[in-house]
Each structure stands twice: as structure tokens, then as C-alpha cells.
Amino acid sequence: MERRTIFPGWATPALLLVPQMALTVLLFLWPTAVAVRASVMRADPFGLSETFAGLDNFTALFTDPLYLAAIGRTLVFCGAVTGLALGLAVLLAVFADADIRGRGAYRAALVWPYAVAPAAAGVIWALLLHPQIGGVAGLLKHLGIAWNYKLNDTQAMIAVVGASAWRQVSYNFIFVLAGLQSIPRTIIDAARMDGARGWRRFRTILLPMLAPTLAFLVVVNLVYSAFETFGTIEALTQGGPGRATQTLMVKVYRDGVVNLDLGASAAQSVVLMALVMGLTALQFHFLRRRGGR
Amino acid sequence: MNRRELLAGTAASAGLALVPGLALAQGAPVQITFWHAMAGPLGDELKRLCDAFNAVQKAVVVEPVFKGTYPETMTAAIAAFRAGKAPHLVQMYEVGTGSMLAAGAAVKQVWQLAEETGVRLDPAIYMPAVRSYYSLPDGRMASMPFNSSTPIMWCNKDLFERAGLDPERPPETWEQVMTAAEALRSKGGAKVGMTTAWPTWVHLECFGAIHDVPFATRANGFEGLDAELVFNSPPMRSHITRLLEMAKAGTFTYAGRGAAGDSLYPAGETGISFNSSGIRAAVVRDARFRPMAAQLPYDPAVRATPNNSIIGGASLWTMTAPDRSAAEYKAVASFLAFLARPDTDASWHQRTGYVPVTLGGAGLSLAQGYYARNPGADIPIRQLNRGEVTVNSKGLRLGRLTEIRAIVEEEFETALQGKQNAGAALDTAVARGNKVLREFEKSVSR
């Protein structure tokens, strides 16, 4: 039985809604409107003069081969970060879920990286990976790998993907571990009695039971890799070498904050906003499906 | 009452006469907010300057606020101006100068401030290479020189010796640099022969200044917003080709954009490094070898005698806000006048490694025996006063120069990867950079 409270009239419900609505307007609708407006204007940084530019900023964006290349690059980057972060998290969670000594300590240690701010993580990685003075670079040289991510596109991409995924593994780990622990032991025991072991048990029992969690995590990871990895990339490569690691977010920062080209930067923000809206819709879709079960 | 009189007396004897217009101030002190981008020890030094000013007089209190990196400070100041809450004073890096000059009523230029407040802020007391960077073409000063540096060549004496090179005679020409880098690698056992920070500033902007080769038309942008980049000329091309060849031969190691190349030299990994003179403090603190500062090398094939290099660093801009009073502007002016005093400037220079911006500060440091005690500390000053200041060595006055530098570094990296030659890299950088300049021109013309 569900209990429902019915308010008489509209004043009380309206009053109760006001704080939430005010926050939404102040923190979301208003800035969004400003960004959309700025995206159709050509303005100097100080806001002393402004002229209407129509869709100029967007046309410039989508006819710019460098921007189109950045879109493709961002997709590759997001896919790689999501795949790596999720894959590692599942692997670690499956092992940490097993009955091993000191698993509490393992679990705590695996969560730590999440507490490190992206920019700080970026700086730490920049020092470790530094081609001439970094510890990791020295190790790789011993293995015969000529490590210089400052000049090698592929190595630069590997560096930023690795550093970005490293942090997200912790976040994913918590969710996957919780997901694993919510799978009824009886099902696993039944599978064990039927002779399913190791990989087979994982593929036929655990993975399907984890699917809703993973679907949710995929969306969260995509959003993370697209929008929250800026600090890491900026600290490590600033988008280089050349433009090898310049994702859309790095470009927004370059054009908006460094270059003070507000129109172009606002147009890019609007494009990104459309992307987030799409991803959020996808996320709600998954959540609804999960709730409907 | 007694206390105030006492303080006034102290202030006067401590040199308030040099801080004009304050002796009559009454009541509560005027608060001045000063946004800056000096992190770590430099931030402490800046705070020391403000504290010193607050101590010698009681009419004004300057409050320094750290706002992050240079670009972050600039963005914060612009956002604050748009909200009507700009700081009184903001430290702006040299490449932001073009944007600030186009800021119209958002700023009060130094000459305007001096005129309105009656506080004397004399351009003539500044070093020519510093003054010209922040002045209008007619010589009126737009912003206040503050922390200036210039790129110089840093050599590792220990590695020089091991390579059989004379540690007391740094290379003077690019030819000699190449030979030295080669020896450092093959005989000296140096991990890195030569490296550089600030690739664009050192190898195009300063290379152009030293050799009297333009970076952009219209006197490097000083004479108009319609300036066009021209750094793809033959001398620049041959210099970049030289760097690419050295990279291929393993005598030049690319260390990244902007300041990224600052970590190799103090670590003792490189024989020769091009960095800002401002890393002196870090070198003195960290180097486990004998460091040596030298002037930037030149190419006699381009120009027989080298000119002055151009400065980097930052200057101070006075910003406006709707509710700002004349007393506040006067307070700002008096603080700026305090900073220009020889003793203030000399102490800032000696404690930070930035060059003295005033002739008085340099003279005082010399008289105090600072250069005798710290050999090499005068190298940047001598280099800034080398030859004659020409239209190509005054500095750059280009909007969105930060972006242009990033573009150059992107294209340079692509060339280092072997995907294009020096000519193609510079041509592409010029074309992309000119697009940025035209966008800037459109955005500020009204």
C-alpha cells in the first residue's frame, strides 16, 4: 500500500517547489541562456561592444577541419577511457569480491585514487612520465621502449587515456563491487553446483546480473571522459603534441579562457551541451529500464 | 591622536616624500585590491612589497590576491570587470598587452592615471627595452612595468668541462652552439645536448628581435590592428630547419610547450638550455652543478651584430569600475610610484631573478655589489641593452598572442615528428595565426 499526501489548493506545493525551481533557473537555465546568446554574438572580451553574428560562429566551427578532427579524437579518447576504466574495475572488483585475506584493505586502497583531484593527478603523472626525468620513462627505457610522449602521438594518447582512466577505475570499482555483492549468493552457488566455474560463471551469471550497473556506468564514464578529464590533459600534454590529444573540452578552454574568443567558445559549449543532453537522455533511458524490472 | 601623529612622522621619515599625494590623507585608509599570478616564493616576495608599502604610509592598504596562472588571472579580471567589480590593479602577462590595449574604458592607462591624479609616473626612468613593450607608439606608457624577464642561454659548466669545452667561454653563435651540443652528447655524456623552454618566445620572437627580422608587419603590430604575421621569412625558416636537424641528430631535445622546458636544466640533464632569466632563483636553489648564464646566441649570416632580445613577464594594469572614486585611483598611482623607487625595484630584482625594470634599480644593484657577488645575474640586463632598439626588437603588440604561440608550438611539434618541414610548419602557423588576428580585429573594432 502506498500512502499519498494530497495538498489542498496550489499555494503549498508551489511554495515547496520554489527553492528547487530557483536553483534550476539560477544555476542552469540562466547560464545556458547566456551561453546560447553569446554563441550568436561577436564580442570583445570586456563586453564593451557586441555585434550579432547569426550562425557565423557555428558555421566557422563545422567548416573548420581542426574542429571536426577534434570531434573524432574525442570519440576515440572517450571510448578508450571508458573501456579501460570499466574493464579494469570489473576485473579488480571480481577479485576483491572473492574471499581473500585483507580484502578490506584492498578495497580501501582501490578507492583512493578517486580522492585525488584531476589536475593533481595530471601533475603526478606528468612527473612520472616525463621523457627525460620521469621514473616510468626510465623503466620503459630499460625495457627498450623509446618513451617520449611529448613528441609521439600514440604515446601521448596512451598517457592521457591511462591517467584519466586510472582515477575513474576507483569510482567504477565501488559500483561494480556493490553490484556483485547484490547478486544473491544462491544463484552463484546454484551455478557452482551445476559445474560452472571461473570465466564461464562470470560470463553467464555475473555479467548479465551486472548489466544494468554497467550500462549506467558506461554513460557516467563517457560523460566523465568527455568533460572532467580536462585538468589531466592540460597538466600532461596541453592537447599536444601537435593536436594529438586536443579533445573538445581542451579546445573550449583554449578558445574561451586563453584566447578569449567568447563567440567561438560559446558555440562550442552549446554543441557540448547538446551532447550532454543526449547522453543524459540515454542515462534516463537505462535507469527507467532498470527501474521497470 | 598621538599614535597617528607618530605614524605620520615615521612614514614621512621613511620616505613618504617619494610617495606624493598621501601626506594629507585622513580617516580610514583606502583599500586597494591587487590581483596577481605569482605563485609560491614569488607570491611571498610580492606580498613583501605590498607589506612594505603598507608600512611606510597609512593612507592606503594594498591587498594582494593570488588568482592563479596568468591566463586565469586575465580571465578573472575580465569577468570581474563585466560584473562591475574589477580589481584596482591586475598583473597581466606581456602577451595579454594587445588585448588590454583594446580594452578601452575598462582600463586607465598609466599616462591617463598620472594626468588625472597628478602623481608623477615618469616613463624615462624605465629601461628602454622594458618601457617600449608597454608603451603606445608615441611613447606614452600604457601599463606599469613590473616583473620582466628575458630568455637567456643557461650552460652546465660541469658537462662543458667533461665534453672538453671551455666552461668559461659559452658559445656565441648558433654555429658554436651546434658544435658544443654535439660535443656535449658525444664526449660529455650529457643525456641532452641542448633543450629549450618557450619555443615561440625564444626561437621566433627573440630570434627575430636579435636579428632585426620582423615577426609581424606594422612594426610587429605596434602600429595597427591590421598587422599580419610574417615569421615564415627565410632567416626564421633556416633557424627552425637548424633546430629540426639538431633534433634529428640527437643534439636538441624538445621538452614541450611554454614553461615545460624549465625542469631539465636545474636537474642537470642538459648541457645547454634556453630559459627565462627568471629561473635563476630555482637554479641557485636546485642545481647540483656549476651553472652559467650567457647571452642568447646569434647567426652572423643573418646579422653581423645582435640586437636586444625582447622581454616577457608581466605588467600592472589599472582597471576601472563604475563606483570607483578619484581617491582610489590616486591610491593606485601612489602604489605604482612606490614600486618604481630604485630600492623597491632593486630588492624585487635581486630576490626574484626578474630584471630590474628601472635604470635606478639596476644602478642601485650595481652600487650594492650585487653583480660582483652573483656572476651572471647581469646577463639578462646586458642582453636587453645590447645593440639598438629597432621596430623589430621593441616587442610584440598582437591580440591573442597566447593562441598564436600555441599554434606555432603545435606546428613545430608536427615538424619535429617529421610530418612536415620547417617551411610548411611556419607557413601553416602564419596562415592559422593570421585567421586568429583577423577574428581579434573584428571583435574589437567598434
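Tutor: One cut-off before we start. A residue counts as buried if 20 or more other C-beta atoms lie within 10 Å of its own, and as exposed if 12 or fewer do. Keep in mind that this is a predicted model.

Student: Fine. Which residues are buried in helix 11 of chain B?
Tutor: B:Met236, B:His239, B:Ile240, B:Leu243 and B:Leu244.

Student: How many residues does helix 11 of chain B have, and what is its reach?
Tutor: It has 16 residues, 234-249. First C-alpha to last is 22 Å, close to the 22 Å expected at 1.5 Å a residue.

Student: What comes just after helix 11 of chain B?
Tutor: B:Gly250 is there, with a positive phi of about 85 degrees.

Student: How exposed is B:Asp212?
Tutor: Partly exposed, with 18 other C-beta atoms within 10 Å.

Student: Sheets next. What is the strand order in the open sheet of chain B?
Tutor: The order is 8-7-9-6-10, five strands with mixed pairing. Strand 8 and strand 10 (291-294) are the edges, each pairing on one side only. Neighbouring strands are turned by 25 degrees against each other on average, direction ignored.

Student: In which sense do strand 7 and strand 8 of chain B pair?
Tutor: Parallel, over 3 bridges. Strand 7 covers residues 192-196. In strand 8 of chain B, B:Thr253 is the bridge partner of B:Thr195.

Student: What about strand 6 of chain B, on which sides is it covered?
Tutor: Both faces are covered. B:Pro151, B:Met153 and B:Cys155 are buried on one side, and B:Ile152, B:Trp154 and B:Asn156 on the other. In a regular strand, side chains alternate between the two faces of the sheet.

Student: Which strands does strand 6 of chain B pair with?
Tutor: It runs antiparallel to strand 9 (residues 270-276) of chain B over 5 bridges. It also pairs with strand 10 of chain B, again in the antiparallel sense, over 4 bridges. In those pairings B:Met153 stands opposite B:Phe274 of strand 9, and B:Trp154 stands opposite B:Ala293 of strand 10.

Student: How covered is strand 5 of chain B?
Tutor: Of its 6 residues, 144-149, 6 are buried. Strand 5 is joined to strand 11 (residues 312-319) of chain B by 5 bridges, and the two run antiparallel. B:Ser148 has B:Gly313 as its bridge partner there.

Student: Switching to chain A. How many helices and strands?
Tutor: 12 helices and 2 strands. The C-alpha trace spans about 75 × 75 × 30 Å along its principal axes.

Student: And how much of chain A is buried?
Tutor: Buried residues make up 34% of its 293 residues. Take contacts between residues at least 6 apart in sequence: 69% of these join residues at least 24 apart.

Student: Where in chain A is the peptide bond cis?
Tutor: One is from A:Gly240 to A:Pro241, with omega near -5 degrees. A:Pro241 lies in the loop between helix 10 (230-236) and helix 11 of chain A.

Student: What about A:Leu260, what is its phi?
Tutor: Positive, about 55 degrees, although it is not a glycine. A:Leu260 lies in the loop between helix 11 and helix 12 (262-292) of chain A.

Student: Is A:Leu260 buried or exposed?
Tutor: Buried, because it has 24 C-beta neighbours inside 10 Å.

Technical notes
Residues numbered from 1 in each chain as written. Chains lettered and ligands numbered in written order. Predicted model: local features only at pLDDT ≥ 70, side-chain atom pairs only at ≥ 80, totals over all residues. Expected span 1.5 Å × (residues − 1). Contact = placed C-beta atoms within 7 Å. Pairing = 2+ DSSP bridges. Axes fitted to C-alpha atoms, helices over the stretch in contact; angles between N-to-C directions.
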